[in-house]
Amino acid sequence: MVADRDGQFMDDALGQARLAGAHDDVPVGCVLVADDVVIGRGENRREVDRDPTAHAEIVALREAARYRGAWRMDDVTAYVTLEPCVMCAGALLNARVARVVVGALDEKAGAVGSRYHVLADPRLLHEADVTYDVRADESAALLRSFFEARR
């Protein structure tokens, strides 16, 4: 079943999010999957790498491109614990990712349905299917806990 697989791969993305939180970055994780095989993993690494572009999705896309030796991801599903921002939605779009599975929505900066819907804009180069609210409560709880600890 697709829903079961989505939950399993989102569990992997949640593990990546926990890694980000462990090194004091916003706990967001992403895994990229093709033919039921994880080809890229990423967690937010902005603080560790001192890189504003080191969002989980970008880190995972870079790993997947190295793994494949190619930039096109047109048979790939991205599992992301937090709705991608404009930068990450643009990167997923430019990589031609086929599908994005989202954990928690980001009402402030989400670009895959909340604020914008970059992946469904027919004026752009590509469109991707989006599935929402997979393990959303767990994703939101990680974020809530992280920010509450800093207040």
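**Helix α3**

I started with α3, which has 13 residues and runs 18 Å from its first C-alpha to its last, close to the 18 Å expected at 1.5 Å a residue (the expected span is 1.5 Å times one less than the number of residues; helices are DSSP runs of H or I with at least four residues, strands are runs of E with at least two, and both are numbered from the N terminus). I noted that this is a predicted model, where local features need pLDDT of at least 70 and side-chain atom pairs count only at 80 or more, while totals for chains, interfaces and linings use all residues. Residues are numbered from 1 along each chain as its sequence is written, and side-chain values use heavy atoms, without hydrogens or water.

Next I looked up burial in α3: Ala56, Glu57, Ile58, Val59, Ala60, Leu61 and Ala64 are buried (under 20% relative accessible area; exposed is over 50%, partly exposed in between, with a 1.4 Å probe and protein chains only). These residues pack against β1, β2 (37-43), β3 and α4. After α3 comes Gly69, with a positive phi near 70°.

**Cores**

I found 34 residues in the largest nonpolar core, and Leu32, Leu61, Met73, Val97 and Val100 have the most contacts inside it (a core is a set of buried Ala, Val, Leu, Ile, Met, Phe, Trp, Tyr and Cys residues joined through side-chain atoms within 4.5 Å). A second, separate core of eight residues includes Met10, Ala13, Val33 and Tyr79.

**Leu105**

Last, I checked Leu105, in the loop between β4 and β5 (129-131). Leu105 is partly exposed, at 36% relative accessible area. Beyond neighbours within four places in sequence, Leu105 is in contact (heavy atoms within 4.5 Å) with Leu82, Glu83, Ser114, Tyr132 and Asp133.
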